[in-house]
Amino acid sequence: VTKFDVPVGLATDTMSYSIYGVSGDQIYYGVYTGGDDPVTLQSGTYSKVTGNLKDGEDGTSGTVTLIGSDGYTVRTSTDSDGSFTILAPTGSYTVYAYNSAYGSNASKVYLGSADVSGSTTDLGDLSSVDGRRISFDLRYNTATSSNNADLPFAFGMISFTYNEVSYQIWSMTNDGGRANFYIPDGIEAVLSFNNAEGTLDNDYFACTDMVRDVSSGDSSTSR
């Protein structure tokens, strides 16, 4: 039995931490969503997933994430030419990639799907489109003269429709209480924390409206 600690925030009762390990040709994986029960890892032969993140005809560096239907997530950074390799369990995934190195008001984003199977899976070129960063700062009013306090390690998600496909991308706020998401330009989205309804009622907080609408546009925004 292996034990390890993960950060836990006060302003959430929902978590999503992916557990990942490789030994030989076997991959061991699971998702911790909170509570005291141990996580039982699944195992199987991994598939070597390769591809290339593109900006037009050129490869571009960025981050590539595979999101499974069970919440399991595996992420990697590309090389400077956009090429990447991920060792992943077989299954169906949402493919989410972005490059945030175009300045504060511009990004490149790719969204798609992939079936991972066999010893190797080549995703080919992931052609990115113009996108923007959506940031959400989660804080609470301390009711003192101090500034509002940041709330780290809280579960957040962004929901939107792109090319007639519905997506939900989730993350955790960082140690400064901020969650960053990257979406294509020109689409509306909804941000929420803790769950899709944005509600929370635990020993520390009672909230009913941790939801914000994001209007369509092409500029990065903070909420």
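Q: How many bridges join strand β10 to strand β12, and which way do the two run?
A: Three bridges join β10 (residues 107-116) to β12 (residues 129-137), and the strands run antiparallel. Serine 107 has glycine 131 of β12 as its bridge partner.

Q: What kind of model is this, and how are residues numbered?
A: This is a predicted model: local features need pLDDT of at least 70, side-chain atom pairs count only at pLDDT 80 or more, and totals for chains, interfaces and linings use all residues. Residues are numbered from 1 along each chain as its sequence is written, and side-chain values use heavy atoms, with hydrogens and water left out.

Q: What counts as a strand, and as a pair?
A: Strands are DSSP runs of E, at least two residues, and helices are runs of H or I, at least four residues; both are numbered from the N terminus. Two strands pair if DSSP finds at least two bridges between them.

Q: Back to β12. In which sense does β17 pair with it?
A: β17 (residues 178-184) pairs with β12 in the antiparallel sense, over seven bridges. Aspartate 137 is bridged to arginine 178 in β17.

Q: And β22, parallel or antiparallel to β12?
A: Parallel, over two bridges; β22 covers residues 221-222. There, threonine 221 is the bridge partner of isoleucine 134.

Q: Switching topic: what is the strand order in the open sheet of four strands?
A: The order is β16-β15-β18-β21, with antiparallel pairing. The edge strands are β16 (165-172) and β21 (211-214), each pairing on one side only. From one strand to the next, the twist averages 20 degrees (axes are lines fitted to C-alpha atoms; angles run from 0 to 180 degrees between N-to-C directions).

Q: How many bridges hold β18 and β21?
A: Four, in the antiparallel sense, with β18 spanning residues 189-193. Leucine 191 has arginine 212 in β21 as its bridge partner.

Q: How many helices and strands does the whole chain have?
A: Zero helices and 22 strands.

Q: Why does the radius of gyration agree with a compact globule?
A: Because a compact globule of 223 residues would have a radius near 17 Å, and the chain has 18 Å. The radius is taken over C-alpha atoms, and the globule rule is 2.2 Å times the number of residues to the power 0.38.
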